[in-house]
Amino acid sequence: MDFRNAWHRDTDEDVCCIACGDTVARSDAREYDKYGNRWNRDDKSFEYLCKPCYRENCHFDRTGLEDQLEAAGAGTVSRGAFLRRYQHIAAETEQTRADGR
Ligand SMILES: [Zn+2]
């Protein structure tokens, strides 16, 4: 049913869930890529979520997230500046969405 599972059964390493800190078998964890790009696997290490956290955390609407991150200067400005800008953009987006309802 979950086709992503079929990809990653090649290892039984333990990984740490970035949300709750639990250690879970890598085969039981879900990869989390903060760049939202699971297809480009070159040169990167994934972070992991345990299944309960994955279920909880994936209800968020990611529409436009990439654009927001880019607009906030992800990777080009300092972390502090990025976070301030992102917070501002995210707040505006939320406002826009609330108004649209
Ligand atoms: Zn977890």
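A residue is classed as buried if 20 or more other C-beta atoms lie within 10 Å of its own, as exposed if 12 or fewer do, and as partly exposed in between, with C-beta atoms placed from the backbone. The structure is a predicted model, in which local features need pLDDT of at least 70 and side-chain atom pairs count only at pLDDT 80 or more, whereas totals for chains, interfaces and linings use all residues. Residues are numbered from 1 along each chain as its sequence is written.

The mean pLDDT (the predictor's confidence in each residue, from 0 to 100) of the protein chain is 76, and 69% of its residues reach 70 or more. The chain contains 3 helices and 4 strands, where helices (H or I, at least four residues) and strands (E, at least two) are DSSP runs numbered from the N terminus. Their order along the sequence is β-β-β-β-α-α-α.

Of the 101 residues in the protein chain, 9% are buried. Two residues are taken to be in contact if their C-beta atoms, placed from the backbone, lie within 7 Å. Among contacts with a separation of 6 or more, 31% join residues 24 or more positions apart. A nonpolar core is a set of buried Ala, Val, Leu, Ile, Met, Phe, Trp, Tyr and Cys residues joined through C-beta atoms within 7 Å. The largest such core has 7 residues, namely Val-15, Cys-17, Ala-29, Tyr-48, Leu-49, Cys-50 and Cys-53. Within this core, Tyr-48 touches Val-15, Cys-16, Cys-17, Ile-18, Ala-29, Arg-30, Glu-31 and Tyr-32, residues up to four places away in sequence not being counted.

The loop between strand S1 (14-16) and strand S2 (23-25) holds Ile-18, and Asp-22 lies in the loop between S1 and S2 as well. Ile-18 counts as partly exposed because it has 16 C-beta neighbours inside 10 Å. Not counting residues up to four places away in sequence, Ile-18 touches Tyr-32, Glu-47, Tyr-48 and Leu-49. The C-alpha atoms of Ile-18 and Glu-47, 29 residues apart in sequence, are 6.8 Å apart. Asp-22 is likewise partly exposed, because 15 C-beta neighbours lie inside 10 Å. With the exclusion of residues up to four places away in sequence, Asp-22 touches Cys-17 and Cys-50. A C-alpha separation of 8.9 Å is found between Asp-22 and Leu-49, 27 residues apart along the chain.

Helix H1 (residues 51-57) includes Pro-52. Pro-52 is partly exposed, since 13 other C-beta atoms lie within 10 Å. Its C-alpha atom is separated by 9.6 Å from that of Cys-20, 32 residues apart along the chain.
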